[in-house]
Amino acid sequence: MNIRGKTLHVKYAWIDGKIEENVSISVDESGKIVGINKKVFDENVHLSNHLLVPGFVNTHSHAFHRHLRGKSEIGKSAADTFWKWRDNMYGLVAEVTKEKIYQYCLSTFKEMINAGITSVGEFHYVHHSEKKFDLDQSVIQAAIDSGIRIVLLQTLYERAGFDSPAVHPVQERFIASYEDFLENLEKLRKEQSHPRVQIGVAAHSARAVPFDNIKRLFEYASEERIPFHIHLEEQPKEILDCQKWIGQKQGPSDILLSEMHLNEYFTAVHATFTPAANMVHFSKLGANVSICPCTEGYLGDGIPRINENLNISFGTDCNNRICFLEEMRWACFSQQMLNNSRSVCGLSPEKLLQCATIDGARALSLSSTAGSLEIAKYFDAVSFSLDSPLFANSLADTLIDSLVLSAGNREISHVFVSGVDRKT
């Protein structure tokens with residue numbers, strides 16, 4: 001279904017934080033919303049018994065990880081830590097080529113679309129195959145061909161640990177000097193003209209990038225007004241290694257907060273073991289935190305110490321299971337279990353939906369183009385069929401509760417990106 005140049009009429013739509021009934025949305029030929037009202041004309045495209053919400057924004061993905069499915073080894077001694085899982089991941093990319101990375105990403109991005117994800121922040125650090133940085137364009141092309149909106153978070157990876165130990169052979173595919181990375185980044189940004197492609201930056205982690213270069217790259221991102229992301233304190237080992245290396249009781253988040261002026265362009269990914277006080281500091285500075293509940297559970301990582309004022313978004317990370325509604329639920333359920341309470345950080349179904357859309361767009365610097373159904377933004381939206389028995393007896397004021405806490409991918413009927421239905 002292509003509704004560019006047309007008007008779509010739906011029974012219910014999530015607009016400005018609430019359910020509106022009998023909504024007509026007009027879309028121009030470029031896929032942007034030009035009108036929202038309740039007028040109905042014969043020529044309207046009708047989704048008469050559907051709920052429409054903004055497309056989900058996935059702020060953290062490693063698309064190629066999806067191809068490790070079936071190799072979890074969960075429950076066995078070989079799966080006892082994140083670090084053993086990482087060895088399996090290294091095996092996947094040991095012989096990666098431009099064609100392989102393209103196919104890995106294309107299949108993952110298509111699956112994301114079918115799960116209602118219309119924008120993805122691809123945290124891309126596997127850069128090199130036959131030549132330096134020759135894999136980057138393959139990831140971008142896969143996103144273009146799948147129909148998803150992408151922010152390629154071009155990722156700097158300089159070393160194998162705080163004390164620069166010997167590099168694992170596979171890590172050679174990741175590593176670049178700051179100067180080579182920035183030169184390639186500038187070239188990549190100049191070359192991109194597709195309306196669904198944006199370029200952001202990331203430092204892989206404090207163990208992989210020296211603090212001086214984390215600061216330099218973040219300052220560059222802030223000046224250019226593009227998103228900056230970093231894996232932060234996903235594992236206790238990162239904090240212990242950092243403390244040992246600097247000879248003080250400071251973890252990476254302590255150092256970043258003391259040496260950098262964090263702002264809305266900064267996103268900490270995971271922050272699973274970041275102290276609660278530092279998370280409060282992030283919220284006061286307007287920084288973002290991307291959490292990946294299904295991956296954090298899958299890898300046995302832990303539960304982050306979030307707070308009610310934190311700008312939270314969600315990611316699918318390892319992509320073993322791609323269901324954004326499930327990410328929302330487990331963000332809520334894990335906090336409830338951690339706190340023995342059914343009211344934690346204001347994580348109502350409505351707030352979870354906001355985190356998955358508006359707050360996700362903020363973390364990827366897409367707020368002016370995506371994340372909500374508003375005039376002048378692209379029509380990125382997910383339609384759910386209310387004919388499903390799952391929604392039986394749901395009224396307007398209970399629909400979001402039913403959607404977020406009960407629905408799944410099979411209830412999705414259409415996924416629009418820039419006005420074009422990309423669901424397969």
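**Strand pairing and overall form**

Strand β2 and strand β3 (residues 33–37) run antiparallel and are joined by four bridges; strands are DSSP runs of E with at least two residues, helices are runs of H or I with at least four, and both are numbered from the N terminus. Two strands count as paired if DSSP finds at least two bridges between them. The model is predicted, so local features need pLDDT of at least 70 and side-chain atom pairs pLDDT 80 or more, while totals for chains, interfaces and linings use all residues. Residues are numbered from 1 along each chain as its sequence is written, and side-chain values use heavy atoms, without hydrogens and water.

Within this pairing, S26 has G35 in β3 as its bridge partner. Five residues separate the two strands of the hairpin, and G31 has a positive phi near 95°.

Y12 lies opposite E21 of β2. This hairpin has two residues between its strands, and D16 in the turn shows a positive phi of about 55°.

The protein chain as a whole contains 13 helices and 15 strands. Its radius of gyration is 21 Å, close to the 22 Å of the globule rule for 424 residues, so the chain is as compact as a globular protein of that length; the radius is taken over C-alpha atoms, and the rule is 2.2 Å times the number of residues to the power 0.38. The C-alpha atoms fill a box of roughly 70 × 50 × 45 Å along the principal axes.
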